[in-house]
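Reader: I would like to learn how to read the sheets and helix packing of a protein model. Please take me through them.

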Amino acid sequence: MTLEFDLIARYFTRTTRQTLLGVGDDSALIALLPGMELAISADMLVAGTHFFADAAPYTIGWKSLAVNVSDMAAMGAQPKWATLALALPEVNEPWLAAFSCGFFACADAFNIDLIGGDTTRGPLTISVQIMGEVPVGRAIKRSGAKVGDGVWVSGRLGDAALALAHLQHQIVLPDDLRACCEDALHAPMPRVALGLALQGVANSAIDISDGLLADLGHILACSGVGAIVQARLIPHVQHPEALRLALTGGDDYELCFTVPADLYTRVIEIGEQLGLQLSCIGEIVAEPGVVVKNECGEALSFGRAGYDHFG
């Protein structure tokens, strides 16, 4: 057995739970349940761009899968299968052991089978493709927002961006705030249960990866509408940079979704059932674009809307 296949067998081959054929053949075999559609997404993480190369490999493993699980959550899909392609600058077995441990911890948390992938030599790059199931016609798309919908978000925004700014020596966080913000940056928790509960409730949804303004902007562009967001309603920590980073920082992996007014009570019930903070922060309007208003009703400006890989 070559070193490449030995590494795959040692660190990335496990018994699958919901797969006909997994790692070890030319392709995997999966079967969809009756009445279900296949949801597919992929993300690439590059050292120095998406994570610090010297970050703990366990957290890199967790996050590399978690950010993909978050895409399934945004669609209201149940994640089930993933593939993993790794480019490695060298064979570092302690790193691989910790990385695979973090990756499979996330897989176990959401009952996901790793069913294939590839390894090669190159700059540290992690590519994950994820697949899941959603009932036919029940996927929550970006294109469904309607005038009069409320704009909602889950959790608290801006924590991960605050942690990144601290690690890049742009700001200084107190120790207690730094700890929770770094947890948000390194180990995001995908909102799968929320996405599933929002089937038939939310008209549209997206996960917040590049910043609230940028990602909400994708919903608006796909739906042909605009939004007014109230700055005072955005959930964030107390810090001078918190509001700006909650709007533009990204890496939150919370959900942003729109809901008709007559279903607000249902959203509140879902939040209580899941023990998850859900906040209505604005409204969908006909005029294109996003306007963020302060308590006096004045429009605020934040320069850029969010992260741009080629900006």
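**Sheets and helices**

Author: An open sheet of seven strands has the order 6-8-5-9-7-10-11, and its pairing is mixed. Strands (E, at least two residues) and helices (H or I, at least four) are DSSP runs, numbered from the N terminus. Strand 6 (204-207) and strand 11 (299-300) stand at the edges with a single partner strand each, so one side of each has no neighbour in the sheet. The model is predicted: local features need pLDDT of at least 70, side-chain atom pairs count only at pLDDT 80 or more, and totals for chains, interfaces and linings use all residues. Residues are numbered from 1 along each chain as its sequence is written, and side-chain values use heavy atoms, with hydrogens and water left out.

Reader: How do I read strand pairing?

Author: Strands of a sheet pair through backbone hydrogen bonds, either parallel or antiparallel. Two strands count as paired if DSSP finds at least two bridges between them. Here strand 5 (residues 150-154) and strand 8 (residues 255-259) pair in the antiparallel sense over four bridges. Val151 stands opposite Thr258 in strand 8.

Reader: What is the order of the open sheet formed by four strands?

Author: The order is 1-4-2-3, with mixed pairing. Its edge strands are strand 1 (36-46) and strand 3 (113-121), each pairing on one side only. Inside this sheet, nine bridges join strand 2 (residues 78-88) to strand 4 (residues 125-135), and the two run antiparallel. Ala82 has Ile130 of strand 4 as its bridge partner.

Reader: Which strands does helix 3 lie across?

Author: Helix 3 lies across strand 2, strand 3 and strand 4, at about 165° to strand 2. Angles run from 0 to 180 degrees between N-to-C directions; axes are lines fitted to C-alpha atoms, for helices over the stretch in contact. Contact means heavy atoms within 4.5 Å.

Reader: How do I describe two packed helices?

Author: Use the angle between their axes and the distance between the axes. The axes of helix 2 (residues 57-75) and helix 3 (residues 93-109) come within 6 Å and cross at roughly 35°. The contact includes Trp62 and Leu65 of helix 2 and Phe99 and Phe103 of helix 3. Its residues divide into 16 nonpolar, three polar and no charged. Nonpolar covers Ala, Val, Leu, Ile, Met, Phe, Trp, Tyr, Cys and Pro; charged covers Asp, Glu, Lys and Arg; the others, Gly among them, are polar.

Reader: How many helices and strands does the protein chain have?

Author: Nine helices and eleven strands.
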